[in-house]
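Subject: Structure for you to look at

Hello,

Here is the structure I promised to hand over. My notes on its ring contacts and on one of its strands follow below.

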There are 2 protein chains.
Amino acid sequence: MSSLHGVTWFALSVSLAFLIGPPGALGGNILVFPLDGSHWVNMNLLIEGLHTRGHQITVVRSSSSWYIKESAPHYHSISITVPGGMDIEKQDFFSSLLVNMLKIQREGASPLAFMSYYLHMLSGLSVMHRQASQFVVEMFENKALMQSLRDSRYDVVLLDPGLPIGVLVAHELGLPTVFNVRWITSGEGHFVVAPSPVSYVPTSGCITSDQMIFSQRVGNMFMYLLNRFMAIDRFVVSPHYDRLVDRYFEPGIKFYHLLQGADFWLMRVDFVFEFPRPTMPNIAYIGGFQCKPSEPLPTDLEEFVQSSGEHGFILMSLGTLVKNLPVEITSAIAAAFAKLPQKVIWKHLGKRPNGLGNNTLLVKWMPQNDLLGHAKVRAFVAHGGTNGLYEAMYHGVPVVGLPLLFDQFENFLRLEERGAAKVLDVTKISSQSFLEAIQEVLHEPSYKSNMERLSRLHRDKPMHPLDTAFFWTEFVMRHKGAAHLRTESYRMPWYSYHSLDVIGFLLTVLFMVVAITLCSIRFLCLRLCRNYKNKQE
Amino acid sequence: MSSLHGVTWFALSVSLAFLIGPPGALGGNILVFPLDGSHWVNMNLLIEGLHTRGHQITVVRSSSSWYIKESAPHYHSISITVPGGMDIEKQDFFSSLLVNMLKIQREGASPLAFMSYYLHMLSGLSVMHRQASQFVVEMFENKALMQSLRDSRYDVVLLDPGLPIGVLVAHELGLPTVFNVRWITSGEGHFVVAPSPVSYVPTSGCITSDQMIFSQRVGNMFMYLLNRFMAIDRFVVSPHYDRLVDRYFEPGIKFYHLLQGADFWLMRVDFVFEFPRPTMPNIAYIGGFQCKPSEPLPTDLEEFVQSSGEHGFILMSLGTLVKNLPVEITSAIAAAFAKLPQKVIWKHLGKRPNGLGNNTLLVKWMPQNDLLGHAKVRAFVAHGGTNGLYEAMYHGVPVVGLPLLFDQFENFLRLEERGAAKVLDVTKISSQSFLEAIQEVLHEPSYKSNMERLSRLHRDKPMHPLDTAFFWTEFVMRHKGAAHLRTESYRMPWYSYHSLDVIGFLLTVLFMVVAITLCSIRFLCLRLCRNYKNKQE
């Protein structure tokens, strides 16, 4: 068996480029609805590739977006002006959430504090979806724009359904849809399209693994009901869009069914990272599609890295929100770093921490993938965004986690469960506890070996995830949809889907059979008794 | 979009052979437990390929098997003698089932006749599983054999779980398992491993599509319960193996859990054919993996085929059971054929039908794939085994169906629903009705165009299904399993899996909260009233 060899993505990409058709020979026409903010990084990578493969890309953006530029070599854009702009383009919402979250964590999560945070988040989400529905209205009311979209004869609408603007536009234009998705209106994407037994599938917002004790299952069910029925779908998301569906589309259509009816789901998930769970034939997994082999570093960075000698270096990045971290926390981290023999490269945007060691280099930007793929990297201190974690996994670098917000806690739980990360509570860390955590990850070989095992599994695929994304997008274009891979079960009433009507009917029949049998027996007995008595008399 | 091009499997195979590693460089060691009979054709194709890729194959067979030869260039075998032999090797069981089935169909399916047929089938199945469990005992009691299996250090057990002998042996040897499966002990393979909402997933034995009216859903639920709990698992299959599990393995293990715990499922299903339904991360779809481009015909057959001129030819094969078809049926078919301008090639094993036309050639064997891929083929008359139907689909040849037994009715339903087949009741056909059916398929262009659409969808895959099978088998060998793709949910009690305990708990809490609130209000009201009365008094 030792001669069995794994396949590397690099070799795969080369041969698959040939396999799924040469770039330039395809020439489809793709309408893209990206999500603003960090999601744009993912979508941009996908459309860059699709453009290289010969497709024309049109991106629909908000005219005030500063992430999604008005023009780029690989796409042209249509800009829509929403009165008052879109909150998702603004940092304020996320910043205030972070402050709120840190406060809750520091003071101990009382149910009241949690509810206040949850309501804060919901009201923010509701505003975002109201703005997104207004975005749709601005498009639909612009008859010239809609006509030009019809005239452009797009083959497919590619969209991030976090804000489902493209779902409605695709229905109006009669076009098939491909989702580039992990989070959707009401949480993790699978919950909308695949059976999700909450007995072992953790709900978005529940920091549990797929093996839960009873109390965790109760919490998971509670959170599921809260997300699915109470808060998000019923009151926060769907109403905004159902209003539009009633106004613009034929009767009988529900927004949620349009969402479920996507032709194909490119799920930014890999089961090396995610817990295994049921899936559907029209889902392909592209988790880690942004990962690629590292390239040589710029000279100054390479020199710094080489100066670390045998000790190697540590990488730290807490994403773009880190400037809001209190300076006492960053200073504690800096002091811990100063005690290490390793060099440290720290992507830092906010106020300079105190007590920074000579071994630590603060940078505003860094080639993260190239550093994670460097032979001298020893550990990665991260906030737990999936892009960074997949890159760490791809390169087999163990992680020290400082989760701050959103899915970051759940993401780390997945690495922690596999013994590939050590996670700290950012509101409670001291210089000493941070130092101990770093040293544990550096010196306990299981962290490294577990992450390398994940890396081997993650890389061992029949096809690079990015090529998977290209293949299925073009499949939907070639065949004008993928109806044969999509169940229409969601059109059934919920009680029929769960067979409650059938179970009710069968139980009724059973009850009647038993009742009639018992009555007949009773009747016969009485009759016999009476006959017997009559005879005796 | 017209320049978007599909990919053909032929081109894919060439590049994928490189992509998933060159043959000969791998050198794994595979223990194979095939199912006797027609399933062997599928398994043999798979192990031929694995042998070409450099693996050593050991096939475990019954010493009296006449399908599975004792030796072949691509494998060596271990022969086990089961006292009395194995019924699955004998034609009698299937022949008597066919006779029974035809009788029921001809006389109209009364519930009593159906129950008698069902019980006949169950008792036959029970005997087969008793023999299979005896097969396991013969192996386990042969200490020398088991030791030599241990010493051989196999990397994986590849098996057809129709008779799950290999599941028990793999557990005893501590080896990972790969299933080559469509049918498993209790019906279609998915039902064992994936969520299967019976509201839209037809159960094995139910001739319904995925869109059922209420009465069909009742029938589907009834059949599901019958298969899953009453007949097959509880009484017909599991007891034979649970006895062995209790005898040979540590306590707490259940046979059904071993079955569900397979590392990887190579499902002989394609969703172009099968209705879409939930699936799992450790299932790959290899339906149609036997399909390949046609090769030139032998000269005499090519001459016969060319003599059909513009009319082309019709192919007919009803599998190996056809010799038991009454001669009045085959003669009616022959008479209809005689009236056609097409030529006919008929694979026929039984008594020669009367009234055979000059245009009809009876053969004992034919190169079916090469004929189905021939430019002059116009239609295929088939009994509905999946191998033949997938080949017809691959080559885009419309089908006239004469289903006889087992899954053949369900298989045709799937093609009929897509408008690619015309199905007849074999017990009721006359020469005239058969002629009309053939002419409809020949002259109504929708049959051909629908089958060609299925063909395009079926061929448009990122990877040939056979390469998919190789990739995942070797994946399990490389990583000694695929635990990260497998849920362990089946180890939960059924009420926990379905969250019934959690729902019960939440309802109890809700009830108590409501009750306490109501009691408190009542108590307060009474108190207030009393105070008021006291005051008044």
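B:Arg459 lies over the face of B:Tyr394, 3.8 Å from the ring centre. Keep in mind that this is a predicted model. Chain A has a contact of this kind to look at too. There, the charged end of A:Arg478 sits over the ring of A:Phe471, and the distance to the ring centre is 5.4 Å. A:Phe471 also belongs to a cluster: ring pairs link it with A:Phe264, A:Trp472 and A:Phe475.

Now the aromatic pairs. Searching the whole structure gives 34 of them over all chains. One is formed by A:Tyr241 and A:Phe255. Their centres are 4.7 Å apart and the angle between the planes is 25°. The cut-off for stacking is under 30 degrees, so this pair counts as stacked. A:Tyr241 lies in helix 8 (residues 214-248) of chain A, and A:Phe255 in helix 9 (residues 255-260) of chain A. The pair therefore ties together parts that are 14 residues apart in sequence. A:Tyr241 is buried, at 0% relative accessibility. A:Phe255 is buried, also at 0%.

Next, A:Phe505 and B:Phe214. Their ring centres are 5.5 Å apart and the planes stand at 85°, so the pair is edge-to-face. A:Phe505 is in helix 19 (residues 500-536) of chain A, B:Phe214 in helix 8 (residues 214-248) of chain B, so the pair joins two chains. A:Phe505 has 37% relative accessibility and counts as partly exposed. B:Phe214, at 35%, counts as partly exposed as well.

Last, a strand in chain B. Is strand 5 of chain B (residues 177-181) largely enclosed or open? It is largely enclosed by the rest of the structure, because five of its five residues are buried. B:Thr177, B:Phe179 and B:Val181 point one way from strand 5 of chain B, while B:Val178 and B:Asn180 point the other way.

What does strand 5 of chain B pair with? One partner is strand 4 (residues 156-159) of chain B, parallel, over three bridges. In that pairing, B:Leu159 stands opposite B:Phe179. Another is strand 8 (residues 264-267) of chain B, also parallel, joined by four bridges. Here B:Val181 stands opposite B:Met267. Finally, strand 4 of chain B, helix 6 (residues 165-173) of chain B and strand 5 of chain B make a right-handed β-α-β unit.

Best wishes

Technical notes:
Residues numbered from 1 in each chain as written. Chains lettered and ligands numbered in written order. Predicted model: local features only at pLDDT ≥ 70, side-chain atom pairs only at ≥ 80, totals over all residues. Heavy atoms only, no water. Phe/Tyr/Trp six-rings, centres within 6.5 Å; stacked < 30°, edge-to-face > 60°. Buried < 20%, exposed > 50% of the residue type's maximum accessible area, 1.4 Å probe, protein only. Lys NZ or Arg CZ within 6 Å of the ring centre and 35° of its normal. Pairing = 2+ DSSP bridges. Right-handed = clockwise from strand over helix to strand, strands pointing away.
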